[in-house]
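Hi there,

I am passing a structure on to you, with some notes on what turned up in it. Please have a look at it first and then read on.

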Amino acid sequence: MRTRDRSLFANAAALLVCGVLAGVVVAAAAFPAIAMGGLAMKSGSDAYGGLPSQLQVLQSPQISYVYASDNKTLLATIYDENRHDIPLAQIPKIMQDAIIAAEDERFYDHHGVDVQGVLRAYVANQNSDDQQGASTLTMQYVRQALTYFSDSPSDIIAATERTNLRKMKEIKYALTLETQLTKEQILERYLNIAAFGNATYGIYAASQVFFGKEPKNLTLGEASLLAGLVKAPSTYDPTTKTGLKNALDRRQYVLSQMVKNGYITQAQSDEANKAQLKIIGKRTPNGCVATRKNDWGFFCDYLYRWWLQQEAFGADTSTRENKLKAGGFRIVTTLDVSVQAAAKKNIEKQLKTGNPIALSLAAIEPGTGKIKAMATNRKYGLDTSGNGPSTDPKKRKLGIKGTYPTTTNPLISGGGDITGYKMGSTFKMFTMVAALEAGYTLDYPIATKSPYQSQYAVESSSRAACKDRKHWCPVNANPKWMNGLRTMWTGFGRSVNTYFVPLQERVGADKVVEVAKRLGMQFRAKGTKDAPADYEFSSDPDRARNWGPFTLGVSDAVPLELANAYATLAADGKYCEPIPVSKITDHAGNVLDEVTKPRCKQAVKADVARAAVDAARCPVGDRSSVSKCDGGTATGVRGIVGKPVMGKTGTSDVNWTATMALSTKQLSIVGTMADPDYAQHDNVGVSMLTNNAVAYTMRDALKGKKSVNFTPPSAKYTTGKRVSIPGNLTCRGVDEVRSILRGRGFIVEVDNNPIDSPCPAGTVASTEPDRWTIEDGYVLIHISNGRGTRPPTQEPGLPGQPGNGGGNGRD
């Protein structure tokens with residue numbers, strides 16, 4: 001540290017001289033075009049004495065850096081001003097010397113105001129058109145600090161306008177500042193706040209943008225060129241042809257000043273002047289539209305939206321946004337670049353970017369809520385000039401473009417206009433959880449048929465209305481394979497609609513909706529009082545109780561929230577809010593650990609979650625020691641992943657969407673294929689594309705990692721209390737048999753489609769099941785047509801149709 005004379009006499013003398021000069025000399029020295037007006041020496045001194053001297057110095061705007069989960073891979077930079085303060089120790093001596101030689105060669109000799117320089121400039125400016133200034137580095141720093149730390153627009157204008165009063169303020173602030181800080185501290189602050197042009201502020205940003213390196217690696221030729229830029233950044237911009245010529249001329253002056261002041265030799269100056277410069281001039285990318293890899297943009301966008309919701313960063317979204325863009329944070333995210341790469345690769349294999357149909361994947365870690373990947377077959381960006389026409393006929397007629405291949409819409413996470421997509425049978429999971437919570441066991445049998453007349457009312461004009469035109473009659477996509485005696489294992493495995501609709505009736509649709517809420521479903525789509533949508537149905541208990549199709553996935557959802565719902569069950573019922581960050585450090589080095597802590601709660605009892613998971617192993621070809629699976633809609637998935645898995649496929653009505661939810665203990669992934677521009681786009685594609693993208697992403701993401709098994713559920717949730725069904729019911733009257741069964745506590749349904757039987761027509765041909773069921777179980781009465789015979793029904797748990805490993809049509 002260089003020492004200086006800070007005696008009371010020296011400071012007082014400087015104050016006295018400058019106070020006098022302020023009224024008479026300053027304007028002519030610094031701003032010769034400004035008339036002196038009526039200011040005399042005494043009035044200038046008096047005005048000077050009444051000015052404030054304490055400079056409010058806050059943190060200048062800083063760039064924020066966003067990293068992947070490895071804490072090494074830079075994802076994005078976000079800023080209002082590209083500035084990153086560094087200590088003087090990280091700025092090479094040649095850079096320090098160069099800026100002093102260029103801007104204030106007596107920096108170490110004055111006390112904030114260079115009296116000799118003021119007098120010199122005053123005299124020179126009286127006799128020359130080549131005007132000289134007299135601002136020291138300290139005064140320049142004061143001017144920029146006043147600009148940055150002003151509280152109002154008028155203060156900012158006052159800090160920059162060319163007036164005598166502004167110059168006097170700078171003088172007084174500079175003199176006071178020099179009594180509070182060392183020269184090294186002032187130099188450090190100046191080098192970190194100065195504007196170097198090309199949207200760079202401070203030496204770190206300038207070094208990076210112009211030369212692609214950190215300041216510590218600057219050469220003499222590079223440092224001297226940068227030092228010359230601060231005088232007039234636009235004039236000396238080395239990224240333009242004219243600016244480069246001016247910058248090199250200015251550099252020659254800086255080097256000569258360095259020789260004059262003994263910082264370098266003439267030989268070093270000559271060598272630096274001859275050295276070739278490699279000007280990069282690439283501005284630092286800013287924001288989510290400029291991530292290092294384009295497919296990271298959708299995750300970055302989610303991080304940005306998440307930040308704006310955190311009260312820890314300010315009272316409102318505007319304050320939070322400003323903090324992100326100016327706070328100089330180091331943000332370590334949860335994004336796993338290897339999982340992200342696997343997702344993007346496997347999506348593109350199935351459905352390339354440019355297709356109007358979007359195939360989107362989200363991956364999240366069970367038990368923490370950490371988002372590991374967000375990918376889709378879209379480019380993240382603002383330039384939609386090359387986009388194709390909207391697939392919505394009405395919008396296309398108006399010339400509106402679609403969101404392919406480029407968009408910033410949050411297709412994966414939802415928000416704005418994106419309320420989500422129909423997730424189909426993946427929602428059956430919520431019904432199963434609600435049933436387990438209500439005391440139903442995994443072996444609860446229901447004799448399923450298609451169509452099934454439900455208790456839910458429906459519009460008479462609906463194509464799903466029963467023959468009575470009053471009730472909803474759901475069907476199974478593949479009745480031959482799906483109909484029959486089903487349990488939760490086989491009903492979920494084969495995705496039997498007419499198992500889950502009556503199961504929801506018994507539990508209550510409002511209870512099913514409540515489970516979905518606990519597992520994080522958002523119900524974003526809003527309607528009106530007369531035309532309610534997801535939000536109205538989910539928030540009104542009366543509507544929710546009559547929301548029959550809910551179990552079949554008619555509500556909108558996005559891949560991220562559904563992935564987290566399945567992750568909650570994989571984590572034994574522990575729900576964690578989706579979170580995109582693992583560590584945030586502010587510019588001062590403080591770790592903001594409160595905002596990055598996982599926000600978790602037990603949403604479902606562990607054993608209930610384990611039971612639901614056990615049934616969910618059936619659709620994807622997996623099973624535990626207690627499972628009683630019999631067929632599935634995607635049984636090849638277990639072999640692809642090679643690790644214990646659970647999940648569910650789902651397609652919506654007329655194939656608007658195709659979804660797969662897949663979870664292991666380490667990772668949960670949901671993929672959805674849908675048209676975000678035209679939600680009712682028929683036949684978006686075969687579900688195998690989605691299934692493959694999800695299964696192979698899971699395989700690649702877990703490559704080299706150990707298998708972690710799911711914990712089987714206890715008997716409390718697998719096997720209910722068994723009771724016998726009375727014998728000798730065949731060939732008796734339907735009303736009589738129904739009365740007998742209800743008297744034993746069974747739930748009784750009648751299949752109105754007669755079957756072949758030797759019993760008289762209209763009497764009971766058989767019951768399903770025919771020997772026993774669980775307490776308060778479901779019994780279906782078959783009616784005889786009086787013709788032929790019928791083979792005996794198998795026992796519960798052994799459905800009649802053998803599993804073929806897959807289903808056709810909607811599941």
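Axes here are lines fitted to C-alpha atoms, for helices over the stretch in contact, with angles running from 0 to 180 degrees between N-to-C directions. Helices (H or I, at least four residues) and strands (E, at least two) are DSSP runs, numbered from the N terminus.

Before going further, please note that this is a predicted model, in which local features need pLDDT of at least 70 and side-chain atom pairs count only at pLDDT 80 or more, while totals for chains, interfaces and linings use all residues. Residues are numbered from 1 along each chain as its sequence is written, and side-chain values use heavy atoms, leaving out hydrogens and water.

Back to that pair: Phe 430, Thr 431, Val 433, Ala 434 and Glu 437 of helix 18 meet Lys 511, Val 512, Val 515, Ala 516 and Arg 518 of helix 22 (contact means heavy atoms within 4.5 Å). By class, this contact has six nonpolar, one polar and three charged residues, where Ala, Val, Leu, Ile, Met, Phe, Trp, Tyr, Cys and Pro count as nonpolar, Asp, Glu, Lys and Arg as charged, and the others, Gly among them, as polar.

Helix 4 (residues 93-103) is largely enclosed by the rest of the structure, because nine of its 11 residues are buried (under 20% relative accessible area, with exposed over 50% and partly exposed in between; 1.4 Å probe, protein chains only). The buried residues of helix 4 pack against helices including helix 6 (137-148), helix 9 (183-193) and helix 12 (241-260). With helix 9, the axes come within 11 Å and cross at roughly 85°, which makes helix 4 roughly perpendicular to helix 9. Gln 96, Ile 99, Ile 100 and Glu 103 of helix 4 make this contact with Leu 187, Tyr 190 and Leu 191 of helix 9.

Finally, there is an open antiparallel sheet of five strands, in the order 7-6-19-18-17 (two strands pair if DSSP finds at least two bridges between them). Strand 7 (371-376) and strand 17 (646-651) each have a single partner strand, so one side of each is left without a neighbour in the sheet. Strand 6 (residues 358-364) pairs with strand 7 over five bridges, and Ala 362 stands opposite Met 374 in strand 7.

Best wishes

Terms used: Parallel < 35°, antiparallel > 145°, perpendicular 65-115°, else oblique.
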